[in-house]
Amino acid sequence: MKVKLSDDDRDKLALHTAFAVHQIARWMATRSDVPPDIRDRLRGHISAIEGVLVTTGHDWIKDEIEATEAALHG
């Protein structure tokens, strides 16, 4: 049985997923054993997530996401 999410539920799922990816990236930024290529890819994804969140009015997280991007840079 296929369940279709409402637009609101889909938006909530996407938002929670974005925050989860950010939390994982923030944790990975503290680790010295994360390869540089993974850091670069994560930084790109975090930057894209930031753009979408800020565009949709979730700019309160901007400083935290930028700090994560900087930490991933090393």
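Buried is taken as under 20% relative accessible area and exposed as over 50%, with partly exposed in between (1.4 Å probe, protein chains only). The model is predicted, so that local features need pLDDT of at least 70 and side-chain atom pairs count only at pLDDT 80 or more, while totals for chains, interfaces and linings use all residues. Residues are numbered from 1 along each chain as its sequence is written, and side-chain values use heavy atoms, with hydrogens and water left out.

**Salt bridges overall**
- The structure holds eight salt bridges, each being a side-chain nitrogen of Lys or Arg within 4 Å of a carboxyl oxygen of Asp or Glu.

- Salt bridges link Asp7, Arg10 and Asp11 in a network, and within it the side chains of Arg10 and Asp11 meet at 3.4 Å, N to O.
- Arg10 is partly exposed at a relative accessible area of 45%, and Asp11 is also partly exposed, at 44%.

- Asp40 and Arg43 form a salt bridge of 2.9 Å, N to O, and both lie in helix H2 (residues 36-55), three residues apart, or about one turn of the helix; helices here are DSSP runs of H or I with at least four residues, numbered from the N terminus.
- Asp40 is partly exposed, with a relative accessible area of 44%.
- Glu50 pairs with Lys62 in a salt bridge whose closest N and O atoms are 3.4 Å apart, and this pair links distant parts of the chain, with Glu50 in helix H2 and Lys62 in helix H3 (residues 62-73), 12 residues apart.
- Glu50 is buried at 10% relative accessible area, whereas Lys62 is partly exposed at 29%.

Terms used:
Helix = DSSP H or I, 4+ residues; strand = E, 2+ residues; numbered from the N terminus.
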